[in-house]
Amino acid sequence: MSWQPVQADDLQKILTLLRQSQSPDTEIQRQVQAQLESLNQYPDFHKYLVYILTKLIDEQEATRSLSGLILKNNAKSHYEKFPDEVRSYIKQECLSALGDHSPLIRATVGILVTTIVTKGSLEQWPTLLEHLYTCLDSPDVNLCEGAFGALQKICEDSADQLENAPTQPLNVLIPKFIQYFRHSYSKVRSHAIACVNEFITPRATALMANIDLFLENLFQLANDTDSDVRKHVCRALVMLVEVRIERLLPHMQQIIEYMLITSQDSDDTVALEACEFWLMIADQAICRDILQPYLDKLLPVLCKNMKYSEMDVIILQGDIDDDENVPDRIEDIRPRFHRTRSRQHAQHFPDDSNLIDTNNNSTTPPNSQTQDANENEDDEDDDDDGSGVNADQATEWNLRKCSAAALDILSNVFRDIILPILLPILQEMLFHTNWQIKESGILVLGAIAEGCSFGLIPHLPDLVDYLIKCLNDKKPLVRSITCWTLSRYSTWIVRNEAQHNRFLIPLMSELLKRILDANKKVQEAACSAFATLEEEACIQMVPYLKQILETLVHAFRKYQAKNLLILYDAIGTLADSVGSHLNHPDYIQLLMPPLIERWNILKNDDKDLFPLLECLSSIATALQTGFLPYCEPVFVRCIVLVQQTIEANGSDSPLEKDFMIVALDLLSGLVEGLGSNIDPLVERSNLLPLLERCAQDPMAEVRQSSFALLGDLTKACFRHVQKHLNFFLPILTQNLNPQHVSVCNNAIWAIGEIAIQIGGEIQPFVSIILESLILIINRTNTPKTLLENTSITIGRLGLVCPNDVSIQLARFIRPWCIALRNIRDNEEKDSAFRGICNMIILNPLGVTNEFIYVCDAIASWEKPPMELYTKFRDILFTFKQEFGDEQWNQLTDRFPLPLKQRLQTHYGI
C-alpha cells in the first residue's frame, strides 16, 4: 500500500506554511522560510511535499506547485542524502502525476523528474524512459503532454546522458519525437520539436541518421497555427545553419523567404527566433551570395523591428522625464564582477575599430558563457510562470536588440552596398513625427557605424550635427539612444581635427549636460558615451579637464547607486586617457574628496568597492606623486582586504576572491603611479609574504593580478622582491601555460622585468623559461599581446644571457620579428632589440634564412637610440659583406619597395 501521512496535523501544518509563504508580507515569508528549512531534517518531510504536489488535487494549484518546487530545490541540494524509500516514493508519485489535469502541476512534476535525473543518472531510474515513452501513446492528452513535458526537460538538462547511454535510447526516441510532429494537439507538437532541437548542436548520432526525416517533417510545420510550434521550427533552422547548412542549401530560397515573413510575426517571441537566422547566416561564408538578392526586403524588416513597442515604453517608463531622485531598487543593479589587470610591455598604435556598445543598446548577442553560468544557478524563479513585468524585460535580449545586432553584423559583411537601400529608410525614420520611429532610426544609424563607416563619410557632418541636436530632444529614450549612437562615431569625430569646433567641442559640452540629465537612463547613456569619447580623444581632453571634472564631481551628488558605478568607470577612463595631465593641484582637489568620502563610507565587504577600487587604481597611476597624500590609507586597506580573503579559511567563492583581486590591482596602480615612492610602505608591510600566497592561488584571476603586481614591484622597489626571488621565479615558470592567456601573459611580463634587474643571475632558469616561450611564440592563434610580451621577454633574456638564448635563434626569429614590428618605439622595445642584436652577433647563422624579417623589424624603428642604431648598422653591413654583392642584391630584390627605401634612407644600405 502506498505511503499516507501518519499525522493529519502534520500535513495541515505544512499546508499552512506553504499558503503563508505566498503572503506579500516579507517578514511572514522570512519566518515561514526558516520553519520550512527546519523541517528538512525530517526524512518524511519530502514525502509530505510530493504527497501535496501529486495527491491533493483539491488544493490550490499555486500551493501544490510550490510544494514541488521546494522539493526540487531540496533534491538539487542534497538528493544523495535522501533515504532510499523516500527516493522511491518520490519517483513513484511523480510518474503517477504526469497526467494531472493542471498544466502547472504537470510542468512542476517534469521539473522534479529532470532534477532527479541530473542529480543521479538515468541508470539509477531504469524504468523512467520506457514509462515516459509508453505514456506518449496514451489517448489521455494530459498524460501524453505531461510525459512529453518531462522528456523535454530531460533532453534540455541531460542530452549527454541520453546520447552516451549504453542502451542508446535516442535511436528509439528521436524517430518517435519526429512522428509526433504531426500530432493533433499543438502542445505535443511543440514539445516534440523542442526535444529534437536539443540534439542539433551536439550533432547527436541518432538525429544525424534521421536528418532527412527530421527536415521533411519540420518543413511541414513551417506555417503551423501555434506560435510555440513556429518558434521551435525557427530555432531548429537557425541551429541547422550552424551544424548542417549543406542540408539546407537546396531549400535556402524558401527558407529565406519564410524567415523574412516570420521575422515580422505578430508574436514577438516567434519573430525573435526568426531574426536569429540573420545573425547566424551572416557568419557563414555563403552569406553574401545568398542574402544579397534579398537585402531590399530584409533591411526594411530589421529597421522596423528596432522600434520600441508601446509595452516597452511603458515598462521603461519612457514618458517619465525626471526620475533622478527615485532610489534604485537592489534588483535593478546588476552584479558587477571585477576585470583583472593584464600587463604588457608594448604600446600599440590606435585601433581603428575601437567602437564600444553601451547603455543596454548593445548590438552584441548575449554571451554564451555568461548564459551557461546563469543557467547553473539555483534560482527557483526560473521555474515560475510569473506574469509580473519589470524593466529587465525591456533591456534583456529581445527583437529590437536582435534586429540591431543583425543589421550591425550584416553591415560588416556587405559594407557600403547596403547604403542605397538604407539611406532613404533612414531619412524617413530620422525625421518622422512619431518619436519612437525617430528613436529607432537613431539606433539604425548606430548599428551601421562600423560596417558602413567609409560610405557614410560624406553624410557624417550633417548626421553628427543632427545627432548633437537630438541630445536635447524632449523624450529621454531619444536622448539616451543618441548618446550611444554618437559614441559609435567618436573615432570620426575625434580624428576630424580640422572641425573640432564644429563637432568635438559641442559634443563634449552636450554630453556633459546629459551626464547631469534629470533622467537616470540618459545619465547612464551619457556617462558611458563620454567614457568612449575619452578613450578616443585621450590628451585632446586635456584643455577641458576642469569643466569635465566639475561635471563628474557634480554627478556624484546627483546619482543613485546604479549610475554611480558607471560614473566610476567614466572617471577611471578619463584618468587612463589623460594620464599625468590629471596631476594638477586644482584637479586633484576637485576629484579626490568625493572619492575618498565614498571610500570611507564603504565597508570591506561591500561589492560597491570593486568599481571604486578600479577607479582609484587608474587615478593613482595617472596622478603618480600627486596621489601621495592619499596613498597610505589606501595601501593599508588593500593589504587588509588581501589578508582577510586569504584568512577566510581558503574560501573558493568567486565573490570573496574578487575582493582580493581588486585590492591587488589597486596596489598595482599605486606602485605603477608612485614608483620608488612606494618603497617605505612596502617595507613596513607584509605585502611580499601575502603575494607569495596569492601567486599560488588556484584561481587564475588571482594569479594574474599577483604577477602584474610582482612585475610592478620589480620595477619600483626591486630590493624587496629580490629577497623572495627563489620563491617567485619557480612559480612564474610554472605559469607559462598559454591556456590561461592572461596569467601566462603577466608571468612572462614579470619574468622580463626581473631579468632586467638581476641580469645574468637568471641563467639557471633560462633554459626552462625559453623552451616555454618558444612554444608560445610559434603557436597558431596566440593573442597579439601575449606574442608581443613573449617576444620582448625573449629579447631581454638574450640581453642578459646571450650565450644561452642565441643558440635557439632559428626557432623563434621569424615570429619574433613579426610580433615586434608594429609596436611603438619605447624602452621595452629597445631592451628587446638590444638583446636580439647581441644574439645575432653571436649566432648569425641562426637568422640567415629569415634575414628579410630581421631587416623589416629593424626598419620598423622610427628613431632608434644611438647605441641601438649603431648595432643595427653594424649588423646590416656585416651581413652585406658576408653575403657578397651578388647574393645581397638577389636577397634585397625580394624586399618590398618601402623596406628597401627605408633601409637606404636610414642606414645607407
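Let me start with helix α41. Its buried residues are Leu-725, Phe-728, Leu-729, Ile-731, Leu-732 and Thr-733. This is a predicted model, so please keep that in mind throughout.

What covers those residues? The cover over the buried residues of α41 includes α38, at 687–694, α39, at 700–716, and α40, at 718–722. It also includes α42, and α43 at 763–777.

I will take α42 from that list. Helix α41 spans residues 725–733 and helix α42 spans residues 741–758. Their axes come within 10 Å and cross at roughly 140°. The cut-off for roughly antiparallel is over 145 degrees, and α41 and α42 are therefore oblique to each other. The handedness of this crossing is left-handed.

Which residues make the contact? On the α41 side they are Leu-725, Leu-729 and Leu-732. On the α42 side they are Ala-747, Ala-750, Ile-751, Ile-754 and Ile-758. Sorted by class, that contact has 8 nonpolar residues, with no polar and no charged ones. As background, an α-helix has 3.6 residues a turn, so residues three or four places apart point the same way.

Now to another part of the chain, and a charged residue. Glu-273 sits in helix α17, which covers residues 268–282. Is Glu-273 buried or exposed? Its relative accessible area is 14%, and the cut-off for buried is under 20%, so Glu-273 is buried.

What does Glu-273 touch? Leaving out residues up to four places away in sequence, Glu-273 touches Lys-231, Cys-234, Arg-235 and Val-238. With Arg-235 there is also a polar contact between the side chains, at 2.6 Å.

Methods:
Residues are numbered from 1 along each chain as its sequence is written. This is a predicted model: local features need pLDDT of at least 70, side-chain atom pairs count only at pLDDT 80 or more; totals for chains, interfaces and linings use all residues. Side-chain values use heavy atoms; hydrogens and water are left out. Axes are lines fitted to C-alpha atoms, for helices over the stretch in contact, and angles run from 0 to 180 degrees between N-to-C directions. Helices (H or I, at least four residues) and strands (E, at least two) are DSSP runs, numbered from the N terminus. Angles under 35 degrees count as roughly parallel, over 145 as roughly antiparallel, 65 to 115 as roughly perpendicular and the rest as oblique. A crossing is left-handed if the near helix is turned anticlockwise from the far one by less than a right angle, and right-handed if clockwise. Contact means heavy atoms within 4.5 Å. Ala, Val, Leu, Ile, Met, Phe, Trp, Tyr, Cys and Pro count as nonpolar, Asp, Glu, Lys and Arg as charged, and the others, Gly among them, as polar. Buried means under 20% relative accessible area, exposed over 50%, partly exposed in between (1.4 Å probe, protein chains only). A polar contact is a pair of N or O atoms within 3.5 Å; within protein, one must be able to donate a hydrogen and the other to accept it, and residues adjacent in sequence count only if both atoms are side-chain atoms.
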